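User: Please take a close look at one helix in this chain and at what surrounds it. Keep it brisk.

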Amino acid sequence: MAFIVKGPAVRMKPGCGREWHCDPVLLVPCPTCRAPVGTRCRRPSGHSGPFIELHAERDLLADRQGKYGPCPLGLCGVANRSAQGSLPLFD
C-alpha cells in the first residue's frame with residue numbers, strides 16, 4: 001500500500017533518508033484516474049482523500065520523468081531495476 005504524502009516526503013529505505021519538498025507523485029497527472037498535477041488520486045467513484053492509495057502507473061510516470069531524481073544508493077527506480085535483482089518494484 002502506498003499513499004500520497006501531504007507536505008514534505010522522506011524516503012524511509014535504510015541508508016537513504018532522501019527528502020522532497022512535496023511527494024514527487026503530485027508533480028505528474030495520474031494516467032489511471034486522470035487526477036491533475038497537485039491533486040491526489042481518485043477512486044473510480046470519483047472520491048479522493050488522505051486514505052486513497054496512489055496508482056502505481058502514476059508513481060512509475062513520476063519516476064520515468066525524473067521527478068524523484070537519482071537514487072543515492074543506486075537501488076530505487078525503474079532505471080536501477082537490474083541492480084535491484086529480486087527486490088520488489090515498490091516497498
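Analyst: G66 follows helix α1. The phi of G66 is positive, near 80 degrees. This is a predicted model: local features need pLDDT of at least 70, side-chain atom pairs count only at pLDDT 80 or more, and totals for chains, interfaces and linings use all residues. Residues are numbered from 1 along each chain as its sequence is written, and side-chain values use heavy atoms, with hydrogens and water left out.

Now the helix itself. α1 covers residues 56–64. Helices here are DSSP runs of H or I with at least four residues, strands are runs of E with at least two, and both are numbered from the N terminus. Within α1, R58, D59, L60 and A62 are buried. Buried means under 20% relative accessible area, exposed over 50%, and partly exposed in between, with a 1.4 Å probe and protein chains only.

Next, the loop before the helix. R40 sits in the loop between β2 (19–20) and α1. R40 counts as partly exposed because its relative accessibility is 21%. The C-alpha atoms of R40 and P50 are separated by 7.9 Å, and these residues lie 10 apart along the chain.

Finally, the setting. The chain has 2 helices and 2 strands, in the order β-β-α-α along the sequence. Of its 91 residues, 29% count as buried. Among contacts (heavy atoms within 4.5 Å) with a separation of 6 or more, 43% join residues 24 or more positions apart. The chain exposes about 5,900 Å², and carbon and sulfur atoms supply 59% of that area. Accessible areas come from the Shrake-Rupley method with a 1.4 Å probe; for residues, only the protein chains shown count as cover.
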